[in-house]
Amino acid sequence: MMPFRVSGLELRTPKRWGMSMRVAYDREMFVRQERGGITRYFSELIRCLADHPELGIEPSLTFSRCSNEHLLAALPEMTAAMPTLRLVPRGVPRMVNSEDLIKDSYLRYRAGSRGKSEQFDWLHATSYRPMKSDLAHGTRIAVSIYDMFAVGGEARRWADPHRGKRELASRADLVIAISQTTAGLFNELLPGNEAKVVVTPLGVRSEFFEQTESVQAPIAFPYLLFVGARALYKRFDLLCAALELVRNRGHDIGLVVAGAPVTDEELAMVGSAARTDRFCALTPTDAELAALYQRATAFVFPSEMEGFGLPLLEAAAAGCPLIASDIPIFHEVAGDAGWFFSSGDAESLAVTIESVLNSSVDRVAKQGLGRERAQESTWMATATATANAYLAFA
């Protein structure tokens, strides 16, 4: 099985220059997310760079306070002085989508600053509208592109977080795409920037490969697992509709949701899809999430669009069967390890779920393929490729 291809650069350890290259990471995504795929990516990247000085990169932060769970877990020595942020009213985080003066004030209020201005070789923007004071820290700008939502197409209700993407990507000296699919869309929608695009796929933590028999799990029934955000294009509603079909055909399979607490509207959708004693909603730790993957009948990812799909890689590492929408990015991540259904089609998803339930031989074979594929994708490989990119484009 071929590993992910990293555009333009080989996965190798870069030679250190006379001193480490200094790279600063801004605060925007760490304010937006308490936890989530993007901040996990940056936290793991920063941790690997800090733990491996032979890569030639000295990571730093432009802020002084943080309550993001991934950064606190990955770098306790860097974040020990960062107190938990004060509580803010519901909806106030939308201020990060406001005009620059309001947004910058809010980011500074939430995450503070480093105090006196320092100069770095790079400023790596975690999102698309970094503060001017953060931009002043770096002589060169890198930006990570996670997807190409709301660029080049009609506006969508969830497009606000993508404001500034086109402008910053055009201005940046280095564009890091997290998948070949995202890089291809970027080059198509923002032509003329191809020479500065590098692909550095995401990785998976070792915990997801490890057996977790010692981790308590309150699940005593066979279940399908849904992980992450559930709104809009994530199509949690589609999974509920498909599960209702599966249940009506005589399969007694439950549903476990890992993520934010479920809403009343979501509970109503679940009510027709799974019995009360066959449903559970959790906000798990990483160890608990690994156990949920390992004990699930299958992980289902019905999303209609993604820039990568990190839960697919986590589930594959844990040996969990993968059911996903038939979209290019999921084929890139899961390869031959996945079962794919027609995107947006509840009947197709139901049939695919039944195929997994009824095919133990294929399930075992695909589980092996998934673990093999996940072993090729480590955060250290991501960090090495990213370090190469900083050095090559300096």
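**Two loop residues**

Reader: Where is leucine 232?
Author: Leucine 232 sits in the loop between strand 7 and helix 9 (236-248). Helices (H or I, at least four residues) and strands (E, at least two) are DSSP runs, numbered from the N terminus.

Reader: What kind of model is this?
Author: This is a predicted model, where local features need pLDDT of at least 70, side-chain atom pairs count only at pLDDT 80 or more, and totals for chains, interfaces and linings use all residues. Residues are numbered from 1 along each chain as its sequence is written, and side-chain values use heavy atoms, leaving out hydrogens and water.

Reader: Back to leucine 232. What is its phi?
Author: Leucine 232 has a positive phi of about 55°, although it is not a glycine. Most residues other than glycine have a negative phi.

Reader: How accessible is leucine 232?
Author: Leucine 232 counts as partly exposed, at 37% relative accessibility. Buried means under 20% relative accessible area, exposed over 50%, and partly exposed in between (1.4 Å probe, protein chains only).

Reader: And arginine 235, what about its phi?
Author: Phi of arginine 235 is positive too, near 60°. Arginine 235 belongs to the loop between strand 7 and helix 9.

Reader: Is arginine 235 buried or exposed?
Author: Arginine 235 counts as buried, at 18% relative accessibility.

Reader: How many bridges join strand 8 to strand 9?
Author: Four, and strand 8 covers residues 254-258. Alanine 258 stands opposite leucine 282 in strand 9.

Reader: What about strand 10, which way do its side chains point?
Author: Ala298 and Val300 point one way, Phe299 and Phe301 the other way. All of these are buried. In a regular strand the side chains alternate between the two faces of the sheet.

Reader: How many bridges does strand 10 make with strand 7?
Author: Two, in the parallel sense. Leucine 224 stands opposite alanine 298 in strand 10.

Reader: And with strand 11?
Author: Three bridges join strand 10 to strand 11, again running parallel. Leucine 322 in strand 11 is the bridge partner of phenylalanine 299.

Reader: Now strand 3. Why is strand 3 called largely enclosed?
Author: Five of its six residues (120-125) are buried, so strand 3 is largely enclosed by the rest of the structure.

Reader: What does strand 3 pair with?
Author: Strand 1 (residues 21-25) joins strand 3 through three bridges, in parallel. There, alanine 24 stands opposite leucine 123. Strand 4 (residues 138-145) pairs with strand 3 in parallel over five bridges. Histidine 124 has alanine 142 of strand 4 as its bridge partner.

Reader: Last stop, threonine 352. Where is it?
Author: Threonine 352 is in helix 14 (residues 346-358). Threonine 352 is buried, with a relative accessible area of 9%.

Reader: What does threonine 352 touch?
Author: Threonine 352 touches Ile323, Trp339, Phe340 and Phe341, not counting residues up to four places away in sequence. Contact means heavy atoms within 4.5 Å.

Reader: What lies over the face of tryptophan 339?
Author: Lysine 366 does, at 5.2 Å from the ring centre. A charge sits over a ring if NZ of Lys or CZ of Arg is within 6 Å of the ring centre and within 35 degrees of the ring normal.

Key. Two strands pair if DSSP finds at least two bridges between them.
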